[in-house]
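Welcome! Let us walk through this structure together, one question at a time.

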Amino acid sequence: MGTRHLHNKSKLYDEFAKLVDAGPTGLSLALRALYHPEAQWRGSHPLNELNGIDAIEDRVWLPLLAAIPDVERRDDILVGGRYQGRDYVASIGHYCGTFCNNWLSIPSTGKMISIRYGEIHQVEEGRIVQSTCLWDILDVMRQAGFWPLAPSLGTEGRWPGPLTADGIRLEDSDEFESRASIEQTLAMHRSLGDYDDVNATGRDGLLTMSQKAYWHPRMMWYGPSGIGTTRGIQGFVDDHQLPFRRAFPNRKGGSQWDTIEDKRQALGGGHFIQIGDGPYSVTSGWPSVYARHTGGDFLGIGPTGREVTMRVMDFYLHHEGLIRENWVPIDILDLLLQMGVDVFDRMQPFFDRGAIR
């Protein structure tokens, strides 16, 4: 007999496939098989926070099914575990189909669209009681022919699945390997937290700091639209880490929330999940990161001096004793809004003119 985590993973894997196939007429029944009646749904801006199945149906799924009637869900990673007495199933993948009708005011193209997602679902007694879903809505704009920001430093495009092709973990994983995976991730996080951006030596410092001991020489870092994908520690530093840390020096994330307890209490920050499942690990917070935007170089926006929080997920593949791949959903639209840039407001005149075909 499989473990509770195996049961949860198998059920959600099957039920989400049924959900996207249910269509508008079968949606309500499919949602009730999957969700607790009073479930909470947390997602990327402009969807944000919802409560109860009716709101999830009306605000999330009916509009998505109307926009992409032939939508399919394609998981690349599906893992599970327990943290602080809570059971989770977490996944990375894409919703794919034909973009037939406008979605969130983004004009349809009549062509294939791929919505990148990172999702973490808390499960109690076989039903989801809380979903945290970072869907890359900025990337939908990009695919529809619109771009509201400076060019991404990394490479834009669909994320590949794991190198090892074993991301769908519909089996019990070795407990020792699972524990080693999350411990390696947290050790790497500590190396990032210990680095002092203010008194650092710029690019050279990031290239040689202690994080290097944890990353595979052929590491891949898959960032959200607006940042893009990077290759190797040099690509990671040049295309993401250096501009990010210049803009948000000595940001607080993970266990560092302990040093800003007043912000934790006010914002509910810090990781709500830290799990390992075989060669995979997952961390996330709502929000994950607290920072002050005092520098430039990030997303083409000059320093605003504003306090910001960041909704972030990290999915890791541990391979050959090191972290080989890192998939990182980030709610870029929510972050930009806090920095004073309302992307939907900026783009609405362009959306009203219609998609570029």
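A nonpolar core here is a set of buried Ala, Val, Leu, Ile, Met, Phe, Trp, Tyr and Cys residues joined through side-chain atoms within 4.5 Å. Buried means under 20% relative accessible area, exposed over 50%, and partly exposed in between, with a 1.4 Å probe and protein chains only. This is a predicted model, in which local features need pLDDT of at least 70 and side-chain atom pairs count only at pLDDT 80 or more, while totals for chains, interfaces and linings use all residues. Residues are numbered from 1 along each chain as its sequence is written, and side-chain values use heavy atoms, with hydrogens and water left out.

Q: How many residues are in the second, separate core?
A: Members of this second core include V79, L134, Y222 and F315. The core is separate, and its residues number 21.

Q: Which residues is Y35 in contact with, leaving aside its neighbours within four places in sequence?
A: Contact means heavy atoms within 4.5 Å. Y35 is among the residues with the most contacts inside the largest core. Leaving aside neighbours within four places in sequence, the partners of Y35 are F16, W41, I53, I56, H121, R127, I128 and S131.

Q: Is V308 buried or exposed?
A: V308 sits in strand β12 (residues 307-319). Leaving aside neighbours within four places in sequence, V308 is in contact with F248, V289, Y290, A291, L335, Q338 and M339. Because its relative accessibility is 1%, V308 counts as buried.

Q: Which element gives the most to the lining of the largest pocket?
A: On a 1 Å grid over the protein atoms alone, a pocket is an open set of points with protein on both sides within 12 Å along at least five of seven lines, a cavity is a set of points where a 1.4 Å probe fits but cannot get out, and lining residues have an atom within 4 Å of a point. The largest pocket is lined by 36 residues, with H189, L192, R251, V289 and D314 nearest its centre. The elements that give two or more residues to this lining include β7 (215-222), α7 (232-247) and β12. With seven residues, the element that gives the most is α5.

Q: What is the volume of the second largest pocket?
A: Nineteen residues line this pocket, and H5, S173, E175, S178 and G276 lie nearest its centre. Grid points are joined across faces, edges and corners, and a volume is the space filled by probe spheres set on the points. For the second largest pocket, that volume is about 310 Å³.

Q: Which element gives the most to the lining of the largest cavity?
A: About 60 Å³ of space lies in the largest cavity. β5 (112-124) and β6 (127-135) each supply at least two residues of its lining. With three residues, the element that gives the most is β5.

Q: Which residues line the second largest cavity?
A: About 40 Å³ of space lies in this cavity. Two or more of its lining residues come from each of α4 (137-143) and α9. The lining is made up of S44, W135, D136, I137, L138, I330, D331, I332 and L333.

Notes. Helix = DSSP H or I, 4+ residues; strand = E, 2+ residues; numbered from the N terminus.
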